[in-house]
Amino acid sequence: MALKHTKVRTQPKKAQIILEFLFSMIIVFVMMFGLFMIFRWVGYEFGWRRVEHDQRMLNSVVEDYRALDQGPIEQIDPYFHKPAKMNAAWGL
Amino acid sequence: MMPKIKRTLTKAQTATELAVFGTILIFVIGIIVQQAMSFHHLQNQNLRTLRLAMTLSYRHSSGFVGGAAGGGPAGNASRNFASVLLLEDRLSADAGKYGALSRAQAIGNAAGTHSRNYFLPTNANETWNLPRTDFFINGKHFPFTTAGFKTVCLTGAKSDCPTPYDVWLGDLDPNFWEANCVDDGSPPIEGCARLYTFISNNSKEARWCSPRNGGSCPNSWSLSERFDLDRDGSTDVPGGIQDDFAWQWILVSAFDIDTQTASNGGLTLLIGEGILLTGSEDVDPQNLSVDVDKDFYEESIVRNDPTGAIPDVYIIDPDTGVIRSVMVIDSNEGDLDMGGYDTNDYQVYLANPQNNPPPPGLMKDVAMFTRVSTGTYLEIRERGLYTTGQQFVRSVQRKDHVDVVQRMIKLSNDTGRFCNGTSRVTDPNIWWDASNPVEVCASECFSPANISRTCFDIDDLIIFVRSRVQDTFGHQWVTDTTSDDYINFVVPSP
């Protein structure tokens, strides 16, 4: 019994590595997915803000300086940009 | 034995490797994301500052701001060249237990011009047309004037000055007076004040005088005096380089050319150039930008006075043409006077702050207070597990506090726009373009009552900008376990 007991303890469990790999990778994949989505958002948002800035500057407007809503001031609105959704967890 | 040892060592090797390399990968990507977020803030700041400057110039010159106090539908000239400084102390991207705690500054500076009021003349005491620069610090808007009106008395004796006046030129420099200025045909020769302006060395400037012109300069104003840059009586530019030097002083006498013209030759200016206050389609006004207070900076003479300023916007002796007083726009008299300072001045201040005042503008000092005593600004909460009546399993980590970020702005002059003594100014005729961001005026801005408020130190002319930035972050899980089976442990009564 003592010998058998010793053998059981020293033998690796069957598929232990695969199970460890499976569980660990699921966690790592989920974390990496979120990070890459943030990484993707960072680049996308960085470029898109610049594009939107240029587009708004060149938008056609009512050529009347007193037309507040549709006039030239619309082109130079300081709050011209709305950030894109990050979608780090879901919502591709 | 060897196989046993190997098997033991390989236990959880994959998981360990994944954990190690995954951690490194996540750490590296996290650093990249953190840096990218900083660039995001900077890009956002730059674009927003540019648009803010253009918007300010547009709205002010188009008459959208301030109503009648801001110049009415004609608009004003205060932001013809709008200059904006936008500063925000933003939380940096971090993953702490209570979210990000550290802040990084994002600062942007931009200028914008809308040309509608480009040539709008500034009349006497039209303070809404004085140029301004705008600071936006963590959401607080500080419009600072960069010029002010000033009436300068130009008479030989102080007792001859009109009332009221701000400065008598004789106070500033005892050598301001030219005794032999105007010949009016009868002795004695009239005296007048000596003013100065500078001209640049270019082919279009007919008044330029240097050795290439033969060295004989007009208006009895010699080469040596023209190149006496600090006006201390000695020539500062060697003769060999005077032909190529960038600029020179010329003397402007406080003498009215219109009066001379009306005298039909009865008045002769003996030295320097006169001042032509009025112009026509054929003749431009002359010498309206002159140094009237001997500070080596030119001031702009105000010509128009539609509302009848007291004293008159300028006073001219009708017999001699001598100008006795002028109102000027002085770029040294605003809230901020950025002329004449460089980075070395700040180093001098840092080396000995007790004896050297800081140069004007936004100071580099920054401080952040987070108050933790009862009833004040910091609350980090980790809640208990149970409440009365119902049973919950809770996990709450919550941050709810106010960061007080302190910035300091040194003013050049106390123009009375922010504070009148210890009273905060709220006059809508002064604060037509924003509300006064100063909350308290005091000699002690670090008292318990003032420490969290934007405070104007009336002695040192420093505005302590205290931005109270609320910072809430946290998470909470609540599971109602009231209906779960439980054993009511009742302690039996003794």
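So, a question to get going: in what order do the four strands of the open sheet in chain B lie? Going across, the order is β2-β1-β3-β4, and the pairing is mixed. Before I go on, please keep in mind that this is a predicted model.

Back to that sheet. The edge positions belong to β2, residues 103–112, and β4, residues 140–145, of chain B; each has a single partner strand, so one side of each is left without a neighbour in the sheet. Direction ignored, neighbouring strands here are turned by 15° against each other on average. If you zoom in on β3(B), residues 132–137, you'll see that β3(B) and β4(B) pair antiparallel, with six bridges. In general, strands of a sheet pair through backbone hydrogen bonds, either parallel or antiparallel.

Now, what lies across this sheet? That's α2(B), which lies across β1, β2 and β3 of chain B and runs at about 30° to β2(B). This helix has 49 residues, and from its first C-alpha to its last it reaches 71 Å, close to the 72 Å expected at 1.5 Å a residue. After the helix comes Gly63(B), with a positive phi near 80°.

The contact takes 25 residues from chain B and 25 residues from chain A. On the chain B side, α1 (2–9) and α2 (13–61) each supply at least two residues, and α2(B) gives the most, with 21 residues. By class, that side of chain B has 14 nonpolar, seven polar and four charged residues.

A word on chain A itself. Chain A has two helices and zero strands. Of its 92 residues, 7% are buried. And if you take contacts in chain A between residues at least 6 apart in sequence, 53% of them join residues at least 24 apart.

Let's move to the other strands in chain B. Here β7(B), residues 177–183, and β8(B), residues 190–200, pair in the antiparallel sense over three bridges. Val182(B) has Glu190(B) as its bridge partner in β8(B). There are six residues between the strands of this hairpin, and Gly185(B) in the hairpin takes a positive phi near 90°. Next, β8(B) and β9(B) run antiparallel and are joined by seven bridges; for instance, Thr197(B) has Ile250(B) as its bridge partner in β9(B).

So where does the largest nonpolar core come in? It has 39 residues, and those touching the most other members are Leu154(B), Ala254(B), Phe255(B), Ile323(B), Val326(B) and Val328(B). The elements giving two or more residues to this core are β5, β7, β8, β9, β14 and β15 of chain B, and β15(B) gives the most, with five residues. Apart from this core lies another, of 33 residues, including Ile73(A), Leu47(B), Ala82(B) and Val465(B). As a reminder, in soluble globular proteins nonpolar side chains tend to be buried together.

Leaving out residues up to four places away in sequence, Ala254(B) touches Leu154(B), Cys192(B), Ala193(B), Leu195(B), Val322(B) and Ile323(B).

Last, some backbone details. Most residues other than glycine have a negative phi, and most peptide bonds are trans. Here are some exceptions. The peptide bond from Thr163(B) to Pro164(B) is cis, with omega near -5°, and Pro164(B) is in the loop between β5 and β6 of chain B. Another cis bond joins Pro187(B) and Pro188(B), with omega about 0°; Pro188(B) is in the loop between β7 and β8 of chain B.

Then there are two asparagines. Asn125(B) has a positive phi near 60° and lies in the loop between β2 and β3 of chain B. Asn264(B) has a positive phi near 55° and is in the loop between α5 and β10 of chain B. Is Asn264(B) buried or exposed? Asn264(B) counts as exposed, because there are 7 C-beta neighbours inside 10 Å. Asn125(B), with 19 other C-beta atoms within 10 Å, is partly exposed.

That's what I have, thanks.

Notes:
Residues numbered from 1 in each chain as written. Chains lettered and ligands numbered in written order. Predicted model: local features only at pLDDT ≥ 70, side-chain atom pairs only at ≥ 80, totals over all residues. Pairing = 2+ DSSP bridges. Contact = placed C-beta atoms within 7 Å. Nonpolar A, V, L, I, M, F, W, Y, C, P; charged D, E, K, R; others polar. Axes fitted to C-alpha atoms, helices over the stretch in contact; angles between N-to-C directions. Buried ≥ 20, exposed ≤ 12 C-beta atoms within 10 Å, placed from the backbone. Core = buried A, V, L, I, M, F, W, Y, C linked by C-beta atoms within 7 Å. Expected span 1.5 Å × (residues − 1).
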